[in-house]
Amino acid sequence: MKQDIPALSPASRAAPLIDPFARPISYLRVSVTDRCDFRCVYCMSENMTFLPKKELLTLEELDRMCSSFISLGVEKLRITGGEPLVRRDIMTFFNSMSRHLESGALKELTLTTNGSQLARFADQLYAAGVRRVNISLDTLDEQKFADITRWGRLPQVLKGIEAAKRAGLRVKINTVALKGFNEDELFALAEWCEAEDMDLTFIEVMPMGDIGNEDRIDQYWPLKDLRARLAERYTLKDLAHRTGGPARYVELEETGQQIGFITPLTHNFCESCNRVRLTCTGELFMCLGQEDNADLRAPLRAHPDDDAPLEEAIREAIARKPKGHDFDYSRQDVAGKVSRHMSHTGG
Ligand code: SAM
Ligand code: SF4
């Protein structure tokens with residue numbers, strides 16, 4: 001596939017995508033599958049119904065879709081899911097996207113993964129041009145890991161993390177802050193990341209999708225509380241630097257370690273949002289926390305040899321990107337929740 005499809009040079013690009021609030025859209029997150037080999041309790045119910053395979057964009061369609069976004073100014077692509085590395089032949093897609101890195105049109109190709117398949121894929125990902133991976137891990141305790149992921153096994157993920165580092169990938173650990181679950185591991189997780197030279201970001205649990213009997217309020221550990229706990233042991237310094245994403249960083253003055261916080265609930269980060277999300281069926285969500293979306297699969301499939309209608313549909317969608325989400329736990333009830341799962345939109 002790599003040889004047949006022309007690469008885009010930065011010079012061949014159309015006018016960039018700018019939303020109604022003057023935010024340039026340069027970052028696309030793509031969910032390549034809604035399936036997963038884990039069933040994390042905050043993300044999925046145990047008995048999930050997945051989409052029929054024919055609903056999914058094929059790898060070639062995903063390529064066309066991403067290439068159109070890149071031609072419209074997207075410079076960063078994050079591949080996610082579900083678990084992106086369980087999609088069959090997914091390396092074909094990564095290898096194909098690497099042509100946009102080589103041309104300079106794409107600045108970064110990256111992924112978010114649960115790490116279970118990294119022992120197998122880390123070297124191939126590096127060869128395709130991936131340099132950083134986000135790996136989700138909420139506990140270092142084997143039994144708790146099995147409990148929270150239902151189907152996951154910690155040793156397999158730790159092997160995946162090792163393989164990623166050996167391959168030369170920079171690793172960031174993403175940890176969902178969960179009340180009564182990993183509160184007692186805050187320092188152990190921070191020290192482990194520091195010792196292993198990995199970045200660490202904590203995320204507040206978001207009200208997305210039906211997760212069976214689990215209760216969102218029970219799970220929610222506000223990051224302001226986590227931060228206060230951290231401050232009992234370390235002197236915290238807020239850092240001004242941002243990475244263009246929603247994370248805010250603090251430095252632990254005693255060790256120099258930097259820790260990220262993604263706080264959609266206690267602090268809204270929408271004003272600088274530069275991203276949109278494509279589902280594995282070709283719906284474009286302009287905001288993670290809103291239901292409005294645009295069907296990009298229809299123009300893609302209706303015009304197999306002409307990208308203009310697809311690009312027009314992308315522009316129309318960006319023109320209605322909302323100002324922000326409405327998640328709110330402040331009234332001891334979950335307000336602003338959205339019905340779809342994170343694994344559908346791509347976390
Ligand atoms: N399977 C991959 C993984 O777990 O990294 C990629 C997809 S997963 C949906 C992406 C991220 O979303 C993970 O870090 C996961 O912890 C997070 N996540 C899932 N459901 C969430 C929720 N309701 N609130 C906050 N984060 C969530
Ligand atoms: Fe799978 Fe990731 Fe959701 Fe866990 S968070 S169930 S690993 S998609």
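Visitor: Let's start with Leu186: is it buried or exposed?
Guide: In this predicted model, Leu186 counts as buried, because its relative accessibility is 1% and the cut-off for buried is under 20%.

Visitor: And where does Leu186 sit, and what does it touch?
Guide: Leu186 belongs to helix H6, and, leaving aside residues up to four places away in sequence, it touches Phe202, Trp221, Leu226, Arg229 and Leu230. Of these, Arg229 is 43 residues from Leu186 in sequence, while the C-alpha atoms of the two are 8.4 Å apart in space.

Visitor: Which other residues of H6 are buried?
Guide: Along with Leu186, the buried residues of H6 are Phe187, Leu189, Ala190, Trp192 and Cys193.

Visitor: What covers them?
Guide: The cover over the buried residues of H6 includes helix H5 (154-167), strand S5 (170-177), S6, helix H8 (223-231) and strand S9 (258-262).

Visitor: What comes after H6?
Guide: H6 is followed by Asp197, which has a positive phi, near 55 degrees, although Asp197 is not a glycine. Asp197 is found in the loop between helix H6 (186-195) and strand S6 (199-204), and it counts as exposed because its relative accessibility is 52%, where the cut-off for exposed is over 50%.

Visitor: Changing topic, what surrounds ligand 1?
Guide: There are 17 residues around ligand 1, and the closest are Tyr42, Gly82, Thr113, Ser136 and Met206. By class, the shell around ligand 1 divides into six nonpolar, eight polar and three charged residues.

Visitor: Which atoms come up against the oxygens of ligand 1?
Guide: Among them, a polar side-chain atom of Ser136 lies 2.5 Å from an oxygen atom of ligand 1, and a polar side-chain atom of Tyr42 lies 3.1 Å from an oxygen atom of the ligand. Thr113 takes part through its backbone, with an N or O atom 3.2 Å from an oxygen atom of ligand 1. The protein covers 96% of the 540 Å² of accessible area that ligand 1 has on its own.

Visitor: And which residues are around ligand 2?
Guide: Ligand 2 has Cys36, Phe38, Cys40, Cys43, Met44, Gly82 and Asn114 around it, a shell with five nonpolar, two polar and no charged residues.

Visitor: Back to the protein itself, where is Asn134, and is it buried or exposed?
Guide: Asn134 is in strand S4 (residues 132-136) and is buried, with a relative accessible area of 8%. Not counting residues up to four places away in sequence, Asn134 touches Arg78, Leu111, Thr112, Thr113, Lys172 and Asn174.

Visitor: Which residues stand out in the largest nonpolar core?
Guide: That core has 90 residues, of which Leu28, Leu77, Phe94, Ile173 and Leu284 touch the most other members. Apart from it lies another core, of seven residues, among them Met206, Leu239, Tyr249 and Ile262. As a general matter, nonpolar side chains tend to be buried together in soluble globular proteins.

Visitor: What does Ile173 touch?
Guide: Not counting residues up to four places away in sequence, Ile173 touches Ile135, Leu137, Ile161, Trp192, Cys193, Met198, Asp199, Leu200 and Thr201.

Visitor: Last one: how many helices and strands does the chain have?
Guide: The chain has 11 helices and 12 strands, and 56% of its 347 residues count as buried. The accessible surface of the chain comes to about 14900 Å², of which 49% belongs to carbon and sulfur atoms.

Definitions and conventions. Residues numbered from 1 in each chain as written. Chains lettered and ligands numbered in written order. Predicted model: local features only at pLDDT ≥ 70, side-chain atom pairs only at ≥ 80, totals over all residues. Heavy atoms only, no water. Near = heavy atom within 4 Å. Polar contact = N/O pair within 3.5 Å; in protein donor to acceptor, adjacent residues only side chain to side chain. Areas by Shrake-Rupley, 256 points an atom, 1.4 Å probe, with all protein chains shown as cover. Nonpolar A, V, L, I, M, F, W, Y, C, P; charged D, E, K, R; others polar. Helix = DSSP H or I, 4+ residues; strand = E, 2+ residues; numbered from the N terminus. Buried < 20%, exposed > 50% of the residue type's maximum accessible area, 1.4 Å probe, protein only. Contact = heavy atoms within 4.5 Å. Core = buried A, V, L, I, M, F, W, Y, C linked by side-chain atoms within 4.5 Å.
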